[in-house]
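Open the model in your viewer and keep the selection tool handy. We will go from one stop to the next, picking what to select and saying what is there.

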Amino acid sequence: MAAEECEARGGEAVGLQCHFKPDVYMLSVLLTFGTFALAWGLNNFRHSRFFGSTFRNALSDFGVVIAIVVMTMFSLTVGLDVPSLHVPQQFRPTLDRPWIVDISSVPLVVAFIACLPAAFYTILIVMDQQITAVIINRKDNMLRKGEGYHLDLLCIAVLVLICSFLGLPFYVAATVLSVMHVNSLRVYSESSAPGEIPRFLGVNEQRLTAIFAHSLIGLSVFLTRVIKGKLPSSTAKTIQGKVGTNYEIYVHISET
């Protein structure tokens with residue numbers, strides 16, 4: 001094969017041989033659609049009639065994790081050099097700065113100008129928290145501790161103040177995560193006839209799971225050496241897009 005023909009077919013002429021580069025783009029597309037299909041299918045598996053309700057709910061709750069693990073193992077098995085998730089080596093701010101922001105370095109004029117967008121952002125935080133509280137506190141969820149949302153707003157205000165001094169992104173109510181958290185705490189009747197949909201009994205209202213989950217998120221910084229260069233970026237971005245466009249949140253918003 002001539003060198004011109006080899007290059008026309010997407011290969012690289014090396015001596016008398018033509019080496020073709022693996023199609024990394026096509027593998028990234030397969031990882032994207034495979035991750036979404038697997039996560040979406042496992043998420044809807046709780047509404048099927050296969051297996052018991054406990055197994056279906058457990059499989060659906062961990063559908064995102066299962067999709068990430070399966071697609072990552074598939075990528076490692078294929079062995080192509082697909083773009084992986086960028087993981088920093090050190091636990092430090094992204095910019096070259098200290099952890100605490102030096103407020104005195106900000107001109108006084110800038111501080112006064114920032115008061116206007118800060119006021120709008122305060123309204124946005126309050127609205128986001130209140131809208132999330134309305135969605136979560138629907139009558140269908142049968143919640144009994146509605147007063148706890150006032151404490152949530154206070155916690156968000158304190159965390160926003162702390163994040164301001166650290167120069168970190170501000171906290172919000174995280175509507176999608178809140179809805180998913182409530183759904184994971186739903187309690188259904190265990191005694192039901194074969195093929196009958198279990199009856200919804202209520203929500204196990206507590207804060208232990210949220211504290212435990214966010215503690216694990218904080219401890220995930222120690223997993224950087226494990227996932228570095230292994231987790232495909234297409235898989236990670238697909239999961240982010242799926243969580244951000246979760247169908248259930250639109251159902252809850254439309255029903256409130």
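**Stop 1: a pair of helices.** Select α2 and α4, which run roughly antiparallel to each other (a label used for angles over 145 degrees; under 35 counts as roughly parallel, 65 to 115 as roughly perpendicular and the rest as oblique). Helix α2 covers residues 24-43, and its axis comes within 8 Å of that of α4, crossing at roughly 155°. Here axes are lines fitted to C-alpha atoms, for helices over the stretch in contact, and angles run from 0 to 180 degrees between N-to-C directions. The crossing of α2 past α4 is right-handed, a word used if the near helix is turned clockwise from the far one by less than a right angle, with anticlockwise being left-handed. Show side chains for L27, L31, G34, T35, L38, A39 and L42 of α2, which meet G63, I66, A67, V70, M71, F74, S75 and V78 of α4; contact means heavy atoms within 4.5 Å.

Before moving on, a word on what you are looking at. This is a predicted model, in which local features need pLDDT of at least 70 and side-chain atom pairs count only at pLDDT 80 or more, while totals for chains, interfaces and linings use all residues. Residues are numbered from 1 along each chain as its sequence is written, and side-chain values use heavy atoms, with hydrogens and water left out.

**Stop 2: α2 by itself.** With 20 residues, α2 reaches 28 Å from its first C-alpha to its last, close to the 28 Å expected at 1.5 Å a residue (the expected span is 1.5 Å times one less than the number of residues). Colour L27, S28, L31, T35, A39, L42 and N43, the buried residues of α2; buried means under 20% relative accessible area, exposed over 50% and partly exposed in between, with a 1.4 Å probe and protein chains only. Looking down the axis of α2, you will find its buried residues within an arc of 120°, so they line one face of the helix. That arc is taken from the directions from the helix axis to the C-beta atoms. Now turn to the face away from the buried side, where Y25 and F33 are exposed.

**Stop 3: α4 and its end.** Bring back α4, residues 63-78. Which residues of α4 are buried? They are G63, A67, M71, T72 and S75. These cover an arc of only 160° around the axis, which puts them on the same side of α4. Just after α4, click on G79, which takes a positive phi of about 90°.

**Stop 4: I68.** Still in α4, select I68. Its relative accessible area is 26%, so I68 is partly exposed. Leaving aside neighbours within four places in sequence, I68 is in contact with L231, T235 and I239.

**Stop 5: another pair.** Select α6 (residues 115-136) and α8 (residues 175-184), whose axes come within 10 Å and cross at roughly 25°. The two are therefore roughly parallel to each other. On α6, D128, T132, I135 and I136 make the contact, facing T175, S178, V179 and V182 of α8. Buried in α8 are T175, V176, V179, V182 and N183. They fall within an arc of 130° seen down the axis, so they line one face of α8.

**Last stop: the whole protein.** Zoom out to take in twelve helices and four strands, assigned as DSSP runs (H or I, at least four residues, for helices; E, at least two, for strands) and numbered from the N terminus. Of the 256 residues, 23% are buried.
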